[in-house]
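Please open the model in your viewer and keep the selection tool at hand. This tour goes from one selection to the next and says what is there at each stop.

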Amino acid sequence: MADSETMSVDTSIGNPDEHIADLSDEQLAQLVSDTLRANEVLALETQMFEKYLKRVEPKEIELSLHAPAKESKVYGSNATLSSHSDQGTSSRLARKRSKSRGSALEKALRLSVEQKCDIAQRELEEYQQDVSRINDESEKVLDTLKAVLEEADIRLTEVKKDEYDFERDIIKGASNAKTGKAHAEKVVKYFEEKLRARETLIVKLRLRNEALKANKKKLQLQLRQKEEMGEVLHEVDFSQLKIENQQYIAKIDERNQQLLQQKLTAGSSLQVLNSYKKKLSILMMESDRLKMEISARKELLTRIDDETELVIEERMAAERMNRKLRQQMADYRVPAVIDYVKEKADLYDLRKKVRTWERKVDIAQMALSTHRKVWQNVQISGMDKQPLEVQWR
């Protein structure tokens, strides 16, 4: 900035005409480029000074009204310019009167380097304040637009969810299989439930709004008390709180989006869970039937195993008997005819003797029974005689 100011001062003095003729083409080109650069710097300075003058011109007009005369106004403005460098006034008036007055007055009205620096610093601060104000307004507009977009996204999500619920509960769940139309009672019931849910949500939001208003009043009262006690928050604290508030708002919005997504996921998961529950009940019934069938098959298998073991034992006994019979058949020798006749004769005699002995046994049994009866009679008669003997004695 100091270099540009010195350049503007040097170019304002100008080079004498007698030196231009002695310059070469390259020097003339360099002089032209320097002059153009100096003109640009002067144009920027003039634009800055005009902006500063427009901003402080009402104060200058008020000062000029209180001046008694025209000369006093000029010198008063010059005195104000020299004493109050922060205001930097009457630069445009000095340029207007520079044509009529001499070079001495022009030099007296020219701004110094410190005054230019002061004006540039004030303009820079004003520009930074404007930029900060524009940034604040832009952030407010951006926050408003973000809030509108988030509300639109939430509304879109709710509309999609309501559409999905209506299609699931009414179009698919409450439609008649024959006509394909939804039942009027279920449709009315569905909308009544939705209206009740909306009324409940309105009551909740109203209560939340009242709680937030009460909290706001409480915070305002605390802030007023802090201001009265001298514990006023600075701009840095407010900016820090604003940043934290934006971060918390972003986190809350993220959590709300996650909550909506989880609600949709929970709805779809609930439908999948219901379908799997139905399948599970069917499979449990099938499992019970299969368990009963398996138990019956096990009992049948146990009986078959027992019967198999019994058959195996019978088979082994039959095999032993078969081997024995085969051995007997292998060892059997056919006797001679004479031996067979003798054996038959002996068998006939034995059978005859058996019949004879059986007759003798029958006769002996008859005799034994007769003797037993007689013996019983004798015993009975002997028992009757003993009491008589006892009486006689």
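Begin by selecting Asp165, which counts as buried because its relative accessibility is 8%, where buried means under 20% relative accessible area, exposed means over 50%, and partly exposed is in between, with a 1.4 Å probe and protein chains only. This is a predicted model, in which local features need pLDDT of at least 70 and side-chain atom pairs count only at pLDDT 80 or more, while totals for chains, interfaces and linings use all residues. Residues are numbered from 1 along each chain as its sequence is written, and side-chain values use heavy atoms, with hydrogens and water left out.

Asp165 has its place in helix H7; helices (H or I, at least four residues) and strands (E, at least two) are DSSP runs, numbered from the N terminus. If you leave aside the neighbours within four places in sequence, Asp165 is in contact with Ile170, Tyr190 and Lys194, and contact here means heavy atoms within 4.5 Å.

The structure holds three aromatic pairs, and rings of Phe, Tyr and Trp (its six-membered ring) pair if their centres lie within 6.5 Å, with planes under 30 degrees apart counted as stacked, over 60 as edge-to-face and the rest as tilted. Why is the pair of Phe166 and Phe191 tilted? The ring centres of Phe166 and Phe191 are 5.9 Å apart and the planes stand at 45°, so the pair is tilted. Because Phe166 lies in helix H7 (residues 113-172) and Phe191 in helix H8 (residues 184-229), this pair ties together parts that are 25 residues apart in sequence. Tyr190 and Phe191 also form an aromatic pair, an edge-to-face one with 5.6 Å from centre to centre and 80° between the planes. Tyr190 counts as buried, at 9% relative accessibility, whereas Phe166 is partly exposed with a relative accessible area of 27% and Phe191 is partly exposed with 42%.

Now select the whole of H7 and H8, whose axes come within 11 Å and cross at roughly 150°. That makes H7 roughly antiparallel to H8, given that angles under 35 degrees count as roughly parallel, over 145 as roughly antiparallel, 65 to 115 as roughly perpendicular and the rest as oblique. The axes are lines fitted to C-alpha atoms, for helices over the stretch in contact, and the angles run from 0 to 180 degrees between N-to-C directions. Among the residues that meet here are Arg155, Glu158 and Asp162 in H7 and Lys186, Val187 and Arg198 in H8.

Move on to Gln246, which has its place in helix H9 (residues 235-331) and is partly exposed, with a relative accessible area of 35%. Apart from neighbours within four places in sequence, Gln246 is in contact with Glu139 and Asp143. The C-alpha atoms of Gln246 and Asp143 are separated by 9.2 Å, although these residues are 103 residues apart along the chain.

To finish, show the whole protein chain again, where there are ten helices and zero strands. Buried residues make up 9% of the 393 residues in this chain. Of the contacts in the protein chain with a separation of 6 or more, 67% are between residues 24 or more positions apart.
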